[in-house]
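Student: Please take a close look at one part of this model and describe how its elements are arranged against each other.

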Amino acid sequence: MENHGGGPARQPSYEGVWRFTAAAVDVSVPQARHAVRDLLVRQGVPLHEEIMDGLLLIVSELVTNAVRHAALLSPEIAVEVAIGPEWIRVSVEDNHPYRPKALEADYGQTGGRGLLLVREIAQESGGACDVEHTASGGKIIWAALPLAPMAPGPGAAMIHQPVVTSPRTDPSVP
C-alpha cells in the first residue's frame with residue numbers, strides 16, 4: 001500500500017476480528033454462512049470468488065460438525081472471523097472436549113468427510129487448518145485462506161503457505 005502522507009501506513013479498512021454466537025441447532029448452519037458472507041461484503045474484503053465459495057463451504061462444514069457432534073455438551077457455539085491484509089481465518093468453537101480428526105474418504109459412507117473436505121479446500125487454496133483445545137476444555141477448529149488464489153506454477157504452495165498457529169493472538173481470551 002502506498003503512503004504519500006509521510007505517516008505510518010494505515011491498515012486496510014476491512015481488517016478486524018468479529019465473533020458471534022449461535023445455538024447448536026441445524027438452522028444455525030445457513031445463518032452462520034449468511035452472516036459470514038454478509039460481513040465480508042459489508043467490510044469490502046477483496047476476496048476472490050473461488051476463495052469466498054471455499055470459505056463459505058468451510059463455515060457450513062465446521063458449524064454442521066459442531067451442531068451434530070458437540071450440541072449435547074455445548075448448546076452454544078461461537079464463530080469467529082479474523083481478516084488480515086492477505087488472509088482470512090474462520091473458526092468455530094464449542095465446549096465439547098472431543099478433538100476430531102479428518103477422516104479418510106470411505107465412498108460407501110454418506111457422511112463423515114466434513115473435516116477432510118475442510119482440509120482439502122484449505123490446502124488447495126494455499127491455506128491451513130487445525131484443531132486446538134481451549135482453556136475451558138472445549139475446542140476451536142479453524143481454517144485460514146489467502147484472500148487471492150495461489151499463483152500457478154512450481155513452488156507456489158511454498159510461497160503462499162500461511163504462518164498461522166491460532167485463530168487468536170491469545171487463545172485464552174474469549
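Tutor: Two strands pair if DSSP finds at least two bridges between them; strands (E, at least two residues) and helices (H or I, at least four) are DSSP runs numbered from the N terminus. The model is predicted, so local features need pLDDT of at least 70 and side-chain atom pairs pLDDT 80 or more, while totals for chains, interfaces and linings use all residues. Residues are numbered from 1 along each chain as its sequence is written, and side-chain values use heavy atoms, without hydrogens or water.

The part in view is an open sheet of five strands in the order S1-S2-S3-S5-S4, paired antiparallel. Strands S1 (16–23) and S4 (128–133) are its edges; each has a single partner strand, so one side of each lacks a neighbour in the sheet. From one strand to the next the twist averages 15° (angles run from 0 to 180 degrees between N-to-C directions, with axes fitted to C-alpha atoms, for helices over the stretch in contact). S1 is joined to antiparallel S2 (residues 76–83) by eight bridges, and Phe20 stands opposite Val79 in S2.

Helix H2 packs on this sheet, where S2, S3 (87–94) and S5 (139–146) are touched (contact: heavy atoms within 4.5 Å); the direction of H2 makes about 10° with that of S3. Helix H3 lies across S4 and S5, at about 30° to S5.

The axes of H2 (residues 49–70) and H3 (residues 114–125) come within 9 Å and cross at roughly 155°. That makes H2 roughly antiparallel to H3 (over 145 degrees; under 35 is roughly parallel, 65 to 115 roughly perpendicular, the rest oblique). Residues making the contact include Ile51, Leu57 and Leu62 of H2 and Leu117, Val118 and Ile121 of H3.
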